[in-house]
Amino acid sequence: TLVLKALGLEKSSETINVMALRGVAGAGKTVLLRRIAYDLAAKHDKLVLFVPPGANLRAEPLLELYDLSGLQLILVVDHAADQMSSLNNLFDRLDAADVRLTAIITDTHASFGGALEVLGERLKFKAELKNLEESEVDELLIKLRKHKSLGLLEKETPEKQKEAFEKVAEKQLLVALYEATQGKLLEDLIVEEYHRILLNEAQELYLLVCTLNRFRVPVRAALVQRVMGIGFRDFEKRFLGPLSGMVFAEVDPASRDYAYRSRHPHIADIVFRRVLDSQSKQIVQYRRVLEGINTSYSSDNDAMRRMLAYKNLRDLAPSLQERRDILELAQKVCGDDTFVMQQRAIIEMNDISGDLSVARKRLEQAESLRPKDNTIKHSKASLLAREASQSKDPLQRRALRSEAKDILRRLGGGDRSDPYV
């Protein structure tokens, strides 16, 4: 269906057309996306470009490719939520040059959030990877039998095999495959694997990689060296064997440095949560990583932003003071970083015991350094609306709300979706 939809968009009167595929982590989005890209290229002879996570999106190569080929481009983007700003800029450039492009993008519901709304009329179709259906369970079992991958289900009857999958069918495909074939909860299997790592330093390295890779960012070898004192040559000599199949080393195209990643962000998240089984342990790990980060590198900067994004910080640190302490450390490490200033304002705005005067001070600092940053302007509008909700003076309330609405109108009419206005 998705392949046919993509082919159908070639007849669209619009220059840029976008399809979005959403689903939970481990649902099989990346595998499906690669299959769609392959079918469009191999079976339908289309010019398809697959964009892996963290790729540097630039318009110039696509403009050149279009000039040389004259063919409509199909851009397939995995983990697209990380790249929405770059994608929008890319779409604008290609649209202005009248380059016809179909983009197929995918990510989780949580990662996309409201980002798809920014695409406006360019977003032509949304699809969702849902739970395993009965017919899909049957097809999956046929494949597993063919490739002798049934695991503990090998000796069971077909009815028992199907029953095992139906019990976990509401879970992600990644989880269902593990739990049905191995007879244990996936999380327990992953924790057991962690504890079977013989070297303590290897365990520590794996945990460090998982701490950041759960956010789908590569962990630079230089960051590992600063935090743990382990260089890449040490990794090759001492840890490549013990961490085989768990940690992978590759060259990060952005920093041109070696970087580490785990098998899957979902697995990295399980390791982080289950090994660091209390919020106090997780906070200690956060602080340790923040002290080693160098935000002049894009991957480190991306990692810092993911770690300190309000939702992630709220989930990590239950108290406002703990969040303040973490962000204060980040400010010391990162200097005049406007994102950290903005997050320091947001935690004050979104906590019942927060100080709105502090929030205002932080946003004014951030705005003075980046006066054209729309995200800071949006936070300022939210602050004004929050101040209005707490004001007892009707005239002041009206003035604050009017200023907030004016900012949001200038940003593109976002006042209807803002929770405080």
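1. Is Asp45 buried or exposed? Asp45 counts as exposed, because its relative accessibility is 68%. (Buried means under 20% relative accessible area, exposed over 50%, and partly exposed in between, with a 1.4 Å probe and protein chains only.) Asp45 sits in the loop between helix 2 and strand 2 (47-51). Its phi is near 60°, a positive value in a residue other than glycine. Asp98 also has a positive phi, of about 60°, and is not a glycine. Asp98 is found in the loop between helix 4 (84-96) and strand 4. Most residues other than glycine have a negative phi.

2. A word on the basis of these notes. This is a predicted model, in which local features need pLDDT of at least 70, side-chain atom pairs count only at pLDDT 80 or more, and totals for chains, interfaces and linings use all residues. Residues are numbered from 1 along each chain as its sequence is written, and side-chain values use heavy atoms, with hydrogens and water left out. Helices (H or I, at least four residues) and strands (E, at least two) are DSSP runs, numbered from the N terminus.

3. Look next at helix 12, residues 232-239. Its buried residues are Phe232, Phe235 and Phe239. They lie on the same side of helix 12, because they cover an arc of only 80° around the axis. (The arc is that of the directions from the helix axis to the C-beta atoms.) The face turned away from the buried side carries the exposed residues Arg233 and Lys237. What covers the buried residues? The cover includes helix 10 (200-213), helix 11 (221-228), strand 7 (247-251) and strand 8 (258-262).

4. Ser262 belongs to strand 8. With 2% relative accessibility, Ser262 counts as buried. Its side chain makes a polar contact of 2.7 Å with the side chain of Asn213. The Ser262 side chain also reaches the backbone oxygen of His264, at 3.4 Å. (A polar contact is a pair of N or O atoms within 3.5 Å; within protein, one must be able to donate a hydrogen and the other to accept it, and residues adjacent in sequence count only if both atoms are side-chain atoms.) Leaving out residues up to four places away in sequence, Ser262 touches Val209, Cys210, Asn213, Met246, Phe248 and Ala268. (Contact means heavy atoms within 4.5 Å.)

5. How many salt bridges does the structure hold? There are 33. (A salt bridge is a side-chain nitrogen of Lys or Arg within 4 Å of a carboxyl oxygen of Asp or Glu.) Arg216 and Asp107 form one of them, at 2.8 Å, N to O. This pair links distant parts of the chain, 109 residues apart: Arg216 is in the loop between helix 10 and strand 6 (219-220), and Asp107 is in strand 4 (residues 101-107). Arg216 and Asp107 are both buried.

6. Lys43 and Asp39 meet at 3.8 Å, N to O. Both lie in helix 2 (residues 29-43), 4 residues apart, about one turn of the helix. Lys43 is exposed, at 55% relative accessibility. Asp39 is buried, at 13%. In helix 15 (residues 298-308), Asp302 and Arg306 are 4 residues apart, so about one helical turn separates them. Their side chains meet in a salt bridge of 3.8 Å, N to O. Asp302 is partly exposed, at 28% relative accessibility, while Arg306 is buried, at 18%.

7. There is also a network of salt bridges. It links Glu187, Asp188, Arg214, Asp269, Arg273 and Arg274.

8. Now the second largest pocket, with about 230 Å³ of space. (On a 1 Å grid over the protein atoms alone, a pocket is an open set of points where a 1.4 Å probe fits, with protein on both sides within 12 Å along at least five of seven lines; lining residues have an atom within 4 Å of a point. Grid points are joined across faces, edges and corners, and a volume is the space filled by probe spheres set on the points.) Its lining includes Thr1, Leu21, Arg35, Asp39, Phe125 and Leu129. Helix 1 (2-8), helix 2 and strand 5 (123-128) are the elements that give two or more residues to this lining. The largest share, 4 residues, comes from helix 2.

9. Last, Arg360 in helix 19 (residues 356-369). Arg360 is partly exposed, with a relative accessible area of 29%. Leaving aside neighbours within four places in sequence, Arg360 is in contact with Leu383, Leu384 and Glu387.
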